[in-house]
Amino acid sequence: MTALVLLLRRELTLAWGRGGGPMLALAFLAAATAALPLAIGPSPARLAAVAVGAAWVSLVLATLLSLDRLFERDFEDGALELLALGPLPFEAVGAVKCAAQWIATGAPLALGSPIAAIALGAPLRAAPLIAAVALAGGLAFAFVGGAGAAVALASRRGGVLIAVIVLPLAVPPIIFGGASIWAFTAGLPWETGLALLGAYALAAVALTPFAMAAACRNALS
Amino acid sequence: MIRRLVLQSLGVQRGERILFEGLNLDLAAGEAVTLTGPNGAGKTSLLRVVAGFIAPLRGSVCFEAATGALEPGEARRADCHFLGHQDGLKAARTARDELVFWARWTGSSPAGTIAAAERLGVDRLLDLEVRQLSAGQRRRLVLARLIAAPRSLWLLDEPLSPLDGASRGLFGEIMAAHLEAGGLILAAAHDPLPMGGRELALRR
C-alpha cells in the first residue's frame, strides 16, 4: 500500500513536470475550441450543432497528446529496470502510472471540456454530463493509451505505433460518450451511453495492466 | 535474505548470437565475483539475466536463503540491487527527491537515506537538480541508494567508471563492509575492483 502511494506521488509530480503535461493538454483543448469557429464560420446555429461533438473530439485528442512519453522516459533513463526490482509487480506499476496520468491530465481536461462545449454553444444544462463523460472517457483513454505506449516501447517510430494501436481502441468510448451527450441535448434517454462508457473504462482498468506489464518485460529483455 | 547465488550451465543469446553457454557460478554470502572480458563478451547480459530482465537460453539462476531455495521473482524484488549503465535519475528533479524515492522504493527508511547520502558525501548536493550534477556526483548518488536500503545481492555494471580516486577508495570500503556483513557482489569491470575476490573471465 505504501509502495502504491509512493509511486503514485512520484508519477503525479512527474506528470506535472513533464513537457506534454496537463497545461499542454488544456492549451490544446483551448486552441482546438478557438480554431473551430474560424474554420467552420461563426454562425451560432452552425456552431451549436457541432459544439458537443467538437468538444468531445478535442478532448480525446488532447488526452492522447500527452500519452506517448508515459513509459518511454523511464525506459530510456533506466528507471524501468529499477522499478522492476521494487516491491510492486509491473502490472501494478503500469496501473499506477495510468491512474496518475488520469488524475494529472484527465481531471483538468474534464473540468475544461464543459467550458469548451458551452463556449461553442452547447446548452448549459449539459455541463455536468459532459464533465462526467470526460472523466470516464479520460480513464479509458489513459489505460488504453498506457497499453499502447508500453507496446510501442523499444520500437523505432513509437509515436506512430501508439496512434495505430490506440485509435481503434478509442473508438468505442468516443461513440458511447458522444451518443450519450447528443441524446441528452436532444431530450432522449442518455443513461445507456454513459453506462457503456463506464463499463468500457472499467474493463480497460482491469485488463490493460497485464498488457503493459508484458510489454515492459519485453522491452527490458 | 539471499545467502547464495547459483548459476547452472547458463546459456545466453542476444539476437542471433550466442554470447556464452555452459556457464557455472556459485556465489556464497561474503563473496565477490568480478566479471571480466572484452566489450561485447556478455558481462552486462549476464548481470541482466541474474536480475531477471533477460530470460536465459538454457540453464538456471537460483537464489538460496539459509532455509532453502527462494522464488526468483520474490528474491529479486526484495533483496537485489541493480546498478546499470543508466542510473534512472530524472534530470529535472532534485537529487533529494530522486534519492529518497529510489531508497524508499527499495525498502529504506528516511534516516537510512540521509546517513547514506552523508557516507557518500552527496548530502550537500541534495537540493540541486540532477541535471546540475557531474557524472561522478550522479554515480555517488546512485551508490548512496545501494547502502540506504540494505539488500544482499549487488549486481554492479562498471560501478567505478566515472568516479575519482577518493570515491573509488570509499566505494571499495563500502563493498568490503557489505561483504563482511554477509552480502554478495557480482560486478562487471575492466579494472580489478578494490575489494578483490574471484574473477570470471568471459570470452567472445
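What radius of gyration would a compact globule of 221 residues have, and what does chain A have? A compact globule would have a radius of gyration near 17 Å, and chain A agrees with that at 18 Å. The radius of gyration here is taken over C-alpha atoms, and the globule rule is 2.2 Å times the number of residues to the power 0.38.

Before we go on, a word on what you are looking at. This is a predicted model, in which local features need pLDDT of at least 70 and side-chain atom pairs count only at pLDDT 80 or more, while totals for chains, interfaces and linings use all residues. Residues are numbered from 1 along each chain as its sequence is written, and chains are lettered from A and ligands numbered from 1 in the order in which they are written. The model scores ipTM 0.90 and pTM 0.90.

Let's begin with chain A. It has nine helices and zero strands; helices (H or I, at least four residues) and strands (E, at least two) are DSSP runs, numbered from the N terminus. The C-alpha trace of chain A spans about 55 × 35 × 30 Å along its principal axes. In chain A, 48% of the 221 residues count as buried. A residue is buried if 20 or more other C-beta atoms lie within 10 Å of its own, exposed if 12 or fewer, and partly exposed in between, with C-beta atoms placed from the backbone.

Now follow helix α2 of chain A, residues 22–40. Among the buried residues of α2(A) are A:Ala25, A:Phe28, A:Leu29 and A:Leu36. Their cover includes α1 (2–17), α3 (44–65) and α6 (90–119) of chain A.

Next, look inside. The largest nonpolar core has 129 residues, and those with the most contacts inside it include A:Ala140, A:Cys216, B:Ala144 and B:Leu155. Such a core is a set of buried Ala, Val, Leu, Ile, Met, Phe, Trp, Tyr and Cys residues joined through C-beta atoms within 7 Å. Helix α7 (residues 127–151) of chain A gives the most to this core, with 15 residues. Leaving out residues up to four places away in sequence, A:Ala140 touches A:Pro173, A:Tyr200, A:Ala201 and A:Ala204. Two residues are in contact if their C-beta atoms, placed from the backbone, lie within 7 Å.

Where the chains meet, 15 residues come from chain A and 20 residues from chain B. On the side of chain A that touches chain B, α1 and α5 (79–84) each supply at least two residues.

Chain B has six helices and nine strands. Its radius of gyration is 17 Å, close to the 17 Å that the globule rule gives for 204 residues, so chain B is as compact as a globular protein of that length. Buried residues make up 42% of chain B. Its mean pLDDT is 89, where pLDDT is the predictor's confidence in each residue, from 0 to 100.

Finally, find B:Gln8 in strand β1 (residues 4–14) of chain B. B:Gln8 counts as partly exposed because it has 15 C-beta neighbours inside 10 Å. Beyond its neighbours within four places in sequence, B:Gln8 is in contact with B:Asn24, B:Gly59 and B:Ser60.

Key
Expected span 1.5 Å × (residues − 1).
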